[in-house]
Amino acid sequence: MYDVDEIRREFPILDRRIGDKRLVYLDNAATSQKPRRVLDALTKYYERHNANIHRGVHRLAEEATAAYEESRAKVARFLGAPGTTGLVFTRGTTESINLVAYAWGRKNLREGDEVLLTEVEHHSNLVPWQLAAQATGARLRFVPIREDGTLDMEEAGRLIGPKTKLVGCIHASNVLATINPVVKLARMAREAGALMLVDGAQSAPHLPVDVEALGCDFFACSGHKMLGPTGVGVLWGRPEILEEMDPFLGGGEMIREVRLDHSTYNDLPYKFEAGTMNIAQAVGLGAAVDYLGELGMENVREHERRLGEYAYGRLSELEGIEIYGPKEERTGLVSFSLPDVHPHDLSQLLDEEGIAIRSGHHCAQPLMRRLGVPATARASFYLYNVEEEVDRLVEALARAREFFRPYAI
Ligand code: PMP
């Protein structure tokens with residue numbers, strides 16, 4: 001049984017008050033809050049096991065290594081990866097995608113090649129490819145969106161061809177709440193002989209994910225958006241592709257043998273984990289995916305789907321509101337604009353009521369341009385949010401409307 005009251009008790013920060021108001025945290029797409037068991041895992045790691053991993057033979061080094069590798073196995077299972085070989089710890093989605101754009105892109109892209117992205121990409125699945133394109137002469141192309149924010153798959157079909165070397169797409173949008181048809185895109189990519197990269201920053205925390213079922217070659221996500229600590233994330237890649245790639249960062253741990261003028265590299269996944277990793281954070285992420293697994297990702301998805309639907313309905317009651325993205329098949333976030341109120345002013349006013357939402361371009365400036373707005377306000381929900389919090393948001397928005405009405409031009 002999914003007991004949201006019990007779940008909320010696991011998150012100490014949800015008891016916080018902002019002024020005299022209880023915190024309503026609706027900025028989960030930026031980062032999630034952390035349950036006590038993740039905080040405890042971090043403390044326990046530092047109090048009992050802290051050491052550098054893989055190198056030492058003393059007890060603490062062995063314990064720390066075991067905890068880190070156990071976490072890798074847990075995360076691999078959580079993502080449906082067939083094993084741990086292709087499961088690389090990184091700092092997060094941004095670093096994971098940069099890793100692919102450098103280590104795969106620089107080696108494999110040539111002038112005349114194409115990388116196909118979409119109009120809805122987060123900057124972290126766009127800028128690394130711009131850099132790779134500049135370095136190699138490859139060309140970036142983009143699948144457009146339709147009026148409702150869903151991808152124009154007919155156009156995708158026309159754009160994917162023999163020149164396409166990689167297709168990259170966000171699984172779920174951090175602005176539009178869309179769930180993109182990445183399985184279909186992966187199939188189209190494969191038929192064209194291209195690789196498929198899925199940016200799972202907004203899917204792994206919220207939907208059941210199985211990298212094998214997705215049919216992708218690379219999957220990236222961030223620990224801090226899925227109850228884990230900051231500073232740790234994941235790149236899963238097909239081992240046979242990772243094997244052929246050059247290293248991304250050079251240094252300790254990623255080598256097998258070093259001579260003064262050249263080196264050979266370590267086995268996967270260590271070849272991509274140079275230097276001292278964020279060990280405690282990786283252990284914390286293991287505790288986070290344990291918890292998500294206990295709750296059941298189907299249940300998490302259902303809770304957020306219902307809450308998102310409720311929020312969509314309640315927000316629609318506000319006169320003149322514009323809600324972005326499709327009506328159906330949404331994740332649990334809502335981006336919107338209110339007439340005559342700038343999203344920044346809105347979030348500031350809501351902050352005074354203890355309500356944390358996000359306003360801005362959400363690291364998706366090209367998408368903002370496509371929508372014809374400089375910024376939107378965004379309320380994003382997670383597994384611990386409840387309908388009363390949506391009600392508080394809607395009531396506060398109604399008050400904000402009244403507050404700003406005299407200033408309307
Ligand atoms: N992709 C998407 C869709 C995101 O929402 C985010 C975070 N806002 C990122 C990538 C980047 O994640 P991180 O900052 O953790 O690297």
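This is a predicted model: local features need pLDDT of at least 70, side-chain atom pairs count only at pLDDT 80 or more; totals for chains, interfaces and linings use all residues.
**Domains**

The domain assignment divides the protein into domain 1, made up of residues 4-30 and 296-407, and domain 2, which covers residues 39-294. Taken over C-alpha atoms, the centres of domain 1 and domain 2 are separated by 28 Å, and the contact between them involves 35 residues of domain 1 and 35 residues of domain 2.

**The seven-stranded sheet**

An open sheet of seven strands runs in the order E4-E10-E9-E8-E7-E5-E6, and its pairing is mixed. Strand E4 (87-90) and strand E6 (139-143) are the edge strands, and because each has a single partner strand, one side of each is left without a neighbour in the sheet. From one strand to the next, the twist averages 20 degrees.

**The four-stranded sheet**

A further open sheet has four strands in the order E13-E14-E17-E16, with antiparallel pairing. Here the edges are taken by strand E13 (322-323) and strand E16 (358-360), each with a single partner strand, so that one side of each is left without a neighbour in the sheet. Strands of a sheet pair through backbone hydrogen bonds, in either a parallel or an antiparallel manner. Strand E16 is joined to strand E17 (residues 376-380) by three bridges, and these two strands run antiparallel; in this pairing Gly360 stands opposite Thr376 in E17. Helix H12 (residues 343-351) lies across strand E14 (333-337), E16 and E17, and runs at about 160 degrees to E16.

**The ligand site**

Which residues are found around the ligand? They are Thr93, Thr94, His122, Ser124, Ile170, Asn174, Asp199, Ala201, Gln202, Ser222, His224 and Lys225.

| Residue | Ligand atom | Distance |
|---|---|---|
| Thr94 | oxygen | 2.5 Å |
| His122 | nitrogen | 3.2 Å |
| Asp199 | nitrogen | 2.6 Å |

On its own, the ligand has 400 Å² of accessible area, of which the protein covers 84%.

**Local backbone features**

Most residues other than glycine have a negative phi, and most peptide bonds are trans. Against that background, Ala177, which is not a glycine, has a positive phi of about 70 degrees, and this residue lies in the loop between E7 and H7. The peptide bond that joins Leu268 and Pro269 is cis, with an omega of about -5 degrees, and Pro269 is placed in the loop between strand E12 (263-265) and helix H10 (279-295).

**Lys74 and its surroundings**

Lys74 belongs to helix H3 (residues 59-78). When its neighbours within four places in sequence are left aside, Lys74 is in contact with Gly286, Val289 and Asp290. Cys216 stands 142 residues from Lys74 along the chain, and the C-alpha atoms of Lys74 and Cys216 are separated by 20 Å.

Notes. Residues are numbered from 1 along each chain as its sequence is written. Side-chain values use heavy atoms; hydrogens and water are left out. Two strands pair if DSSP finds at least two bridges between them. Contact means heavy atoms within 4.5 Å. Axes are lines fitted to C-alpha atoms, for helices over the stretch in contact, and angles run from 0 to 180 degrees between N-to-C directions. A residue is near a molecule or strand if one of its heavy atoms lies within 4 Å of it. A polar contact is a pair of N or O atoms within 3.5 Å; within protein, one must be able to donate a hydrogen and the other to accept it, and residues adjacent in sequence count only if both atoms are side-chain atoms. Accessible areas come from the Shrake-Rupley method with a 1.4 Å probe; for residues, only the protein chains shown count as cover. Domain bounds come from an automatic or database domain assignment.
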